[in-house]
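Trainee: I want to learn how to read aromatic pairs in a model. Where do we begin?
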Amino acid sequence: MINISESAQGYFQRLLQSQGGDAVGIRLSAVNPGTPRADARLEFAEHGDLLGDEWAVECEGFTLYVDAPSAPYLDSADIDFVNNATGGQLTIKAPRIKGDQPAGDASLVERVQWMIESEINPQLASHKGRVALDSIGADGVVYLRFGGGCHGCGMADVTLKQGIEKSMMAKFPEVTAVRDATDHSTGAAPYIARG
């Protein structure tokens, strides 16, 4: 179940009153649930927006509708509103929204994908780069595709060998090597141009 503080309920009531009569409640959903990029989205709900399978949380003066596919990720969430000098701050704490790290018995693909999304891509984001899993061979070789600022970057080989491959092989004994499957000649905005 979702816990909505009295101050958050009052905040939502004021928002709904400012909308006039079209909105029937507040809709809560998870964006990119089960991933490190997960976030919560709040929006006004109108009759035409509702599919009928939402969780309906009855509050004082309004209904909070929780998107059905998002419900497992938003279960046990806390929504609060704290007044301050600039008006206030709404917070949503959803401990399950990012999902759980795959268990040790999960497939190598699932575990590698989790590592890419939770550890590698957040580091590459500082250079506007990212990697995506292309495939994993039967021999344990992981193939990655670089994107963003890493696509065509002159340091992609160093990033791959000194960073990604070392980390991945240390974490997963079944990984024998990590290879680049990217055509770097097509990179449009590399962080460091190839020389």
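Mentor: Start with the rule: rings of Phe, Tyr and Trp (its six-membered ring) pair if their centres lie within 6.5 Å; planes under 30 degrees apart are stacked, over 60 edge-to-face, the rest tilted. This is a predicted model, so local features need pLDDT of at least 70, side-chain atom pairs count only at pLDDT 80 or more, and totals for chains, interfaces and linings use all residues. Residues are numbered from 1 along each chain as its sequence is written, and side-chain values use heavy atoms, leaving out hydrogens and water.

Trainee: How many aromatic pairs does a search of the whole structure find?

Mentor: Three. Take Tyr11 and Phe81: centres 4.3 Å apart, planes at 10°, stacked.

Trainee: Which parts does the pair of Tyr11 and Phe81 tie together?

Mentor: Helices (H or I, at least four residues) and strands (E, at least two) are DSSP runs, numbered from the N terminus. Tyr11 is in helix 1 (residues 6–18) and Phe81 in strand 6 (residues 78–82), so the pair links parts 70 residues apart in sequence.

Trainee: Is Phe81 buried or exposed?

Mentor: Buried means under 20% relative accessible area, exposed over 50%, partly exposed in between (1.4 Å probe, protein chains only). Phe81, at 7%, is buried. Tyr11, at 24%, is partly exposed.

Trainee: What kind of pair do Phe12 and Phe62 form?

Mentor: Their ring centres are 5.7 Å apart and their planes at 70°, so the pair is edge-to-face. Phe12 lies in helix 1 and Phe62 in strand 5 (residues 62–66), so this pair ties together parts 50 residues apart in sequence. Both residues, Phe12 and Phe62, are buried.

Trainee: Which residues form one aromatic cluster?

Mentor: Tyr11, Phe12, Phe62 and Phe81.
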